[in-house]
Amino acid sequence: MNLSVSENEVTSEHRNAPPETRLYKKRWIIVFLFSSYSLCNSYQWIQYGIINNIFMRFYGVDSFTIDWMSMIYMLTYIPLIFPVSWLLDKKGLRVIALVAAALNCTGTWIKVASARPDLFPVTFLGQFTCSVAQVFILGMPSRIASVWFGSEEVSTLGIAIGFLVPPILVPNVDDLDELAAHIRVMFYITAGVATFLFVLVVFVFQERPEIPPTHAQAAARRISPESYSYTASILRLLRNKAFILLVITYGEYLTLFSTRHHWNPCEVNAGRIGLTIVIAGMVGSLICGIWLDRSKTYKQTTLAVYLMSLVGLVLYAFTLDLGHLWVVFITAGTLGFFMTGYLPLGFEFAVELTYPESEGTSSGLLNCSAQVFGIIFTICQGKIMDSFNTLAGNLFLCAFLLIGTIITGAYYSILVFLSIVHFECLASFLVMIMLLGKYCILKFM
């Protein structure tokens with residue numbers, strides 16, 4: 001009898017004991033591998049735009065066509081983020097990582113075959129393939145963070161390399177045969193790196209550790225996938241007025257990333273200015289993330305960064321054509337510090353506003369907003385710059401950044417107003433933005 005009681009107590013204690021957790025050293029390999037092919041992909045986003053005058057002359061196309069080599073990254077993200085997020089929920093990290101690395105590798109080899117002046121459609125196909133890979137890549141960070149350990153954001157390093165490397169590998173020479181050789185070398189280097197990373201993903205990338213890293217992840221493993229509705233989660237987020245306001249201001253803000261490649265025609269200086277923006281931004285992102293973790297002042301910090309970015313952009317716009325390069329580097333660094341620093345603020349604020357929804361879903365909607373605004377503003381700014389000058393294009397961005405700053409400052413007042421009016425008014429505003437984006441695409445393609 002006593003033995004039976006003892007066995008029951010042991011069984012009960014075993015059932016009620018917290019699940020075993022463990023942190024594996026392999027998590028660093030997983031993050032490094034993800035970061036590497038994310039870097040390889042984000043580098044390609046900017047590789048055409050940073051030396052657009054060279055590619056315009058080589059392929060015989062206009063500036064707007066080269067702009068589409070970066071805007072295609074935004075356009076493909078908008079329709080594909082939802083099915084890719086669903087696929088991530090259903091099939092897991094390894095499948096998504098394999099598809100992302102395979103698409104990125106395929107796109108780079110297509111570009112290798114396009115290093116001839118008459119093969120622009122081929123190089124565009126390669127860039128389109130890489131842009132599809134980007135959709136799979138951007139959906140992974142939050143899942144890697146929860147499945148393996150804390151989040152690591154390093155894809156901005158790829159953009160930094162995208163600013164620095166193309167002007168070095170592809171100098172602005174007059175002879176088209178020599179230029180083709182330089183472009184081919186750049187494409188071969190990218191393809192070689194992408195192929196090596198694809199092989200590593202095939203043999204090294206693991207779906208998840210055998211033992212979960214946290215109790216929350218252990219509990220998540222016991223939840224049946226059928227009990228979670230991705231569609232219902234999206235609908236709840238779209239009915240969250242506070243989150244929709246953030247989606248609008250975040251999308252407006254992130255257009256700075258999409259349009260910042262319009263600089264002075266000196267390719268090397270343009271690359272160095274871009275590199276300065278990204279490096280300063282990495283520092284700003286780190287500092288803002290640490291400050292937010294300690295202070296939890298989401299709205300106040302977001303407003304401060306938004307306002308300082310507006311000031312930085314105004315200074316940058318008015319000093320760009322003064323002829324003093326050191327001034328441009330200082331203003332560009334100031335702009336980059338606050339501009340990239342907003343990234344962790346936006347995601348953290350979204351998690352705060354939408355808990356307990358999946359942060360992967362909320363970050364997907366934020367990124368989708370950034371792509372929509374990015375396409376609209378890139379097209380509009382390009383047309384303004386062609387019709388007027390660079391200053392007018394940058395002031396166009398300043399105007400909308402000012403609107404975003406006002407919305408952020410009056411955030412809670414606007415929420416009170418929206419609690420009075422019908423929610424359909426806000427939804428209609430978003431639909432109008434989508435239609436404007438569609439009009440811009442059809443009008444200027």
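Buried means under 20% relative accessible area. The close-ups below come from a predicted model.

**View 1. Gln371, a buried residue in helix 16**. Helix 16 covers residues 359-387, and Gln371 sits within it. Its relative accessible area is 11%. That value is under the 20% cut-off, so Gln371 counts as buried. What does Gln371 touch, apart from residues up to four places away in sequence? The partners are Tyr73, Met74, Tyr77 and Ile78.

**View 2. Gln44 and its polar contact with Asn104**. Gln44 belongs to helix 2, which spans residues 26-46. Is Gln44 buried or exposed? Gln44 has a relative accessible area of 0%, so it is buried. The side chains of Gln44 and Asn104 make a polar contact at 3.0 Å. Set aside the neighbours within four places in sequence, and Gln44 is in contact with Tyr73, Asn104, Thr108, Lys111, Gln127, Cys130 and Thr190.

**View 3. The buried face of helix 11**. Helix 11 runs through residues 230-238. Which of its residues are buried? They are Tyr230, Ser233, Ile234 and Leu237. Look down the helix axis: these buried residues fall within an arc of 100°, so they line one face of helix 11. An α-helix has 3.6 residues a turn, so residues three or four places apart point the same way.

**View 4. Tyr250, a buried residue in helix 12**. Helix 12 takes in residues 241-259, Tyr250 among them. Tyr250 is buried because its relative accessibility is 1%. Leave out the neighbours within four places in sequence. Tyr250 is then in contact with Tyr342, Leu343, Gly346, Phe347, Leu366, Asn367 and Ala370. Now find Tyr306. Tyr250 and Tyr306 are 56 residues apart in sequence. In space, their C-alpha atoms are 9.8 Å apart.

**View 5. A nonpolar patch on the surface**. Which residues form this patch? They are Leu307, Met308, Val311 and Leu315. Together they have about 320 Å² of accessible area. Leu315 lies in helix 14, residues 298-319. Its relative accessible area is 46%.

Key
Residues numbered from 1 in each chain as written. Predicted model: local features only at pLDDT ≥ 70, side-chain atom pairs only at ≥ 80, totals over all residues. Heavy atoms only, no water. Helix = DSSP H or I, 4+ residues; strand = E, 2+ residues; numbered from the N terminus. Buried < 20%, exposed > 50% of the residue type's maximum accessible area, 1.4 Å probe, protein only. Polar contact = N/O pair within 3.5 Å; in protein donor to acceptor, adjacent residues only side chain to side chain. Contact = heavy atoms within 4.5 Å. Arc of directions from axis to C-beta. Patch = residues over 30% accessible without salt bridge, like charges linked within 9 Å, V, L, I, M, F, W, Y side chains within 5 Å. Areas by Shrake-Rupley, 256 points an atom, 1.4 Å probe, with all protein chains shown as cover. Salt bridge = Lys/Arg side-chain N within 4 Å of Asp/Glu carboxyl O.
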